[in-house]
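I opened this model to look up a few residues and their surroundings. My entries follow in the order I made them.

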Amino acid sequence: MESSAYGASLAGGAFDFGSFIKRPQTIVRLFSWLFSIVVFATIISEGYINAKVEETTKCMFNENDSACSYGIGIGILAFLACVAFTVLDAYFPQISNANDRKYIVLADLTFSGVWTFLWFVCFCVLANQWSRTDHTAAPVDAARAVVTFSFFSTATWALLTVLAFRRYRQGMDEVGLGYNDPASDHTSPYPSAYSGAPEGYQQSPFAASSTGQGGYQPPAY
């Protein structure tokens with residue numbers, strides 16, 4: 001049986017907070033968590049403004065409410081995902097099933113790759129809308145912070161994707177190669193088929209007792 005899978009022991013190792021917090025994946029994920037808070041919290045608190053002649057508020061990015069909604073949605077989901085994957089990373093050494101670990105790593109890899117792309121789209125959209133915005137009527141510092149941290153989030157999630165891919169490759173090398181299930185080991189020869197009577201078998205003494213009798217005789221009436 002395998003002794004390790006995806007970088008941790010299969011025996012269910014104890015949680016070490018000191019080594020966990022120093023892991024590159026944990027550090028990058030914490031930065032991603034912080035950047036997502038900056039993005040969606042800034043848009044919620046300062047991203048909607050209204051002109052003096054209007055009662056309704058508009059998004060500070062060229063009055064495009066879709067841009068603000070997109071940034072808030074991506075930021076909140078990224079925040080929740082960082083919390084969930086951080087908990088899974090902490091619980092990871094307790095999981096002794098290699099298949100369960102594989103699914104967690106694949107989920108991390110897939111989500112990180114998708115969110116890298118979505119953060120890049122968010123950065124491009126917000127930067128484009130900000131370039132068309134009348135800066136005199138918008139909170140400049142807040143808008144620039146949102147655009148900047150959207151770019152930082154793209155970089156951190158891209159790094160998380162790389163780290164997840166490395167862990168997946170490591171797990172394939174540790175688990176997927178060279179493991180043979182003992183139940184399916186066919187190296188030993190099959191047992192020989194039954195080939196007749198066992199050695200030393202003797203015919204029953206009663207088999208020939210009737211061979212010397214005469215033919216059938218009808219009973220006398």
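I began with Ser36, which I found in helix α2. Helices here are DSSP runs of H or I with at least four residues, strands are runs of E with at least two, and both are numbered from the N terminus. The model is predicted, so I noted its terms: local features need pLDDT of at least 70, side-chain atom pairs count only at pLDDT 80 or more, and totals for chains, interfaces and linings use all residues. Residues are numbered from 1 along each chain as its sequence is written, and side-chain values use heavy atoms, with hydrogens and water left out.

Is Ser36 buried or exposed? Ser36 is buried, at 0% relative accessibility. Buried means under 20% relative accessible area, exposed means over 50%, and partly exposed lies in between (1.4 Å probe, protein chains only). Leaving aside residues up to four places away in sequence, I listed Gly75, Ala78, Phe79, Trp119 and Ser153 as touching Ser36. Contact means heavy atoms within 4.5 Å.

**Nonpolar cores**

Next I looked up the largest nonpolar core, which has 28 residues. Such a core is a set of buried Ala, Val, Leu, Ile, Met, Phe, Trp, Tyr and Cys residues joined through side-chain atoms within 4.5 Å. Met60, Phe61, Trp115, Trp119, Leu126, Val146 and Trp157 have the most contacts inside this largest core. At least two of its residues come from each of α2, α3, α4 (98-131) and α5 (140-176). Which helix gives the largest share of this core? That is α3, with eight residues.

I then checked Leu126. Beyond four places in sequence, Leu126 touches Phe61, Ala67, Val146, Val147 and Ser150. A second, separate core has five residues, including Phe92, Ile104, Val105 and Tyr168.

**Cysteines**

How many disulfides does the structure hold? I found one. A disulfide is a covalent bond between the sulfur atoms of two cysteines. The cut-off here is a pair of cysteine sulfur atoms within 2.5 Å. Cys59 is joined to Cys68, S to S 1.8 Å. Their link is right-handed, with 75° about the S-S bond. Cys59 is buried at 1% relative accessibility, and Cys68 is buried at 0%.

Cys124 is in no disulfide. Cys122 is buried at 1% relative accessibility, whereas Cys124 is partly exposed at 34%.

**Surface patch**

I turned to the surface. Phe17, Ile21, Ile27, Leu30, Phe31, Trp33, Leu34, Val83 and Val87 form a nonpolar patch there, with about 760 Å² of accessible area together. Patches take residues with over 30% relative accessible area and no salt bridge; nonpolar side chains (Val, Leu, Ile, Met, Phe, Trp, Tyr) are joined within 5 Å, like charges within 9 Å. A salt bridge is a side-chain nitrogen of Lys or Arg within 4 Å of a carboxyl oxygen of Asp or Glu. Areas come from the Shrake-Rupley method with a 1.4 Å probe, and for residues only the protein chains shown count as cover.

At least two patch residues come from each of α1 (17-21), α2 (24-46) and α3 (65-91). The largest share, five residues, is from α2. Leu30 is in helix α2 and is partly exposed, at 36% relative accessible area.

**Asn50**

Last, I looked up Asn50, in the loop between β3 (48-49) and β4 (58-59). Asn50 is partly exposed, at 43% relative accessibility. Beyond four places in sequence, Asn50 touches Glu55, Thr56 and Thr57. Its C-alpha atom is 9.3 Å from that of Ala138, 88 residues apart along the chain.
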